[in-house]
Amino acid sequence: MKLQRKNRLRATALGVIAVSSALALTACGSDNNGGGTTGGTGGTASGAASNVKCDGAKGQVLASGSSAQKNAMDLWVKNYMAACKDAQINYKSSSSGEGIVAFTQGTVAFAGSDSPLKPEQVADSKKVCTGGQGINLPMVGGPIAIGFHVEGVDSLVLDASSLAKIFSGKITKWNDEAIAKLNPGAKLPDLAIQAFHRSEDSGTTENLTKYLSATAKADWTYAPAKKWAAPGGQAASGSAGVAAQVKQTNGAIGYFELSYASSQSIKTVDINTGASAPVKASSANASTAIAAAKIAGTGKDLSLKLDYATKADNAYPIVLVTYEVACDKGNKAATLPAVKSFLSYAASADGQKLLTDASYAPIPSEINAKVVETIKSLQ
């Protein structure tokens, strides 16, 4: 019993760790430390998970998808399971594409995706959402950082055109004239650029290519898509894989969520958008951009339309919103209480507050209020 109590206290403490430790956490559900004062019978627990409402949640919930939200999901899962000892959330960090496939095949209760369901995916979801369909619930916002590793270069400014040319293989050296023009006074080496992209279908890739398509049409001739389409470059699996390659390779550049850059001390590019000054990748600057988003979905679907071409001051344009995809109706009775309870915590003020500390951006309050009400209505 002493060991069990020790483990429970450790799990609660982990819920408020700094982002530097976030990558050490796991969302796989194999750590059953979850304890607390209320468990799965309702009410709340003490400490970091004080406002988690279990509402009778019990059993195991399987979920999978976006690796972009992994670090946020790690924190949420730890806090939630510390409070609701009868429920287990098992989130497999893979990719948005894999998560949607698992959801439409009915093997997971919800999926994480960095882009909303397409019409054909909504149609597929109706086969598993009895009497309903899959809907998009925006839960995590944040900047897609452009990480770089060039020895001797501590800061770097790029614009949409130069990024498009780098990732399509048209700019191949770090001392290229286009890069030098954006970085007067910088000592750029005569070093080959090694550009890394995601190997699997990825919502992060889709959001980056939406930005390039909206802002550098002359230089980026590929349609926005989850699958990387440009020639050249090197592929790595997941945001973690791309970040690892950038960190260890001199001359490297790649894209991944800011949390991966922050936790591994990877330098990030400032983006020249045409605003009064280049914009840094930060939670606050991503929030400025996301706050201008409009709800594009209908009914209970809350998919958003982002303005990737913004030139507003302090608005970082390369952003993503990760959705939790769930059935509006037809959820399995055995897992519905836990799904609603867990997603309600993630969307709560406490759950969203954790995002900034982990280098993400909270969903704007007006939109988030609708997310909270929609979660309550899941059947």
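These legends go with a handful of close-up views of a predicted model.

A word on ground rules: residues count from 1 along each chain as its sequence is written, and side-chain values rest on heavy atoms, with hydrogens and water left out. Since the model is predicted, local features need pLDDT of at least 70 and side-chain atom pairs count only at pLDDT 80 or more, while totals for chains, interfaces and linings use all residues.

**View 1. The whole protein chain, before zooming in.** The protein chain has 13 helices and 13 strands; these are DSSP runs numbered from the N terminus, H or I of at least four residues for helices and E of at least two for strands. Of its 379 residues, 55% count as buried. Here, buried is under 20% relative accessible area, exposed is over 50%, and partly exposed sits in between, using a 1.4 Å probe and protein chains only. Take the contacts (heavy atoms within 4.5 Å) between residues at least 6 apart in sequence: 75% of them join residues at least 24 apart.

**View 2. Helix α2, end to end.** This helix takes in residues 70–83, 14 residues in total, and at 1.5 Å a residue it should span 20 Å. The expected span is 1.5 Å times one less than the number of residues. In the model, the end C-alpha atoms of α2 are 20 Å apart, which agrees. As for cover, 14 of the 14 residues in α2 are buried.

View 3. How many disulfides does the structure hold? There are two, a disulfide being a pair of cysteine sulfur atoms within 2.5 Å. In this one, Cys 54 is joined to Cys 84 with an S to S distance of 2.1 Å. The link bridges distant parts of the chain, 30 residues apart: Cys 54 is in the loop between α1 (2–14) and β1 (59–65), and Cys 84 is in the loop between α2 and β2 (87–93). The torsion about the S-S bond is about -95°, so this disulfide is left-handed. Cys 54 is buried at a relative accessible area of 0%, and Cys 84 is buried with a value of 0%.

**View 4. The disulfide between Cys 129 and Cys 327.** The sulfur atoms of Cys 129 and Cys 327 sit 2.0 Å apart. Cys 129 is in the loop between α4 and β4 (134–149) while Cys 327 belongs to strand β13 (residues 319–327), so the pair ties together parts 198 residues apart in sequence. With a torsion of about -70° about the S-S bond, the disulfide of Cys 129 and Cys 327 is left-handed. Both cysteines are buried. Number the bonded cysteines of the protein chain in sequence order and the pairing reads 1-2, 3-4.

View 5. Ser 125 is part of helix α4 (residues 119–125). Is Ser 125 buried or exposed? Buried, with a relative accessible area of 0%. Setting aside neighbours within four places in sequence, Ser 125 is in contact with Phe 103, Thr 104, Gln 133 and Gly 134. Gln 105 is 20 residues away from Ser 125 in sequence, yet the C-alpha to C-alpha distance is 7.9 Å.

View 6. The whole structure has nine salt bridges, each a side-chain nitrogen of Lys or Arg within 4 Å of a carboxyl oxygen of Asp or Glu. Arg 198 pairs with Glu 200, the closest N and O atoms being 2.5 Å apart. Arg 198 counts as buried at 2% relative accessibility, and Glu 200 counts as buried at 14%. Lys 280 and Asp 270 meet in another salt bridge, 3.1 Å from N to O. Lys 280 lies in the loop between β10 (270–272) and α10 (283–290) and Asp 270 in strand β10, so the pair ties together parts ten residues apart in sequence. Asp 270 counts as buried, at 12% relative accessibility.

View 7. Glu 373 forms a salt bridge with Lys 376, with 3.4 Å between the closest N and O atoms. Both residues lie in helix α13 (residues 365–376), three residues apart, or about one turn of the helix. An α-helix has 3.6 residues a turn, so residues three or four places apart point the same way. Glu 373 is partly exposed at 47% relative accessible area, whereas Lys 376 is exposed at 51%. Finally, Lys 118, Glu 206 and Lys 226 are linked in a network of salt bridges.
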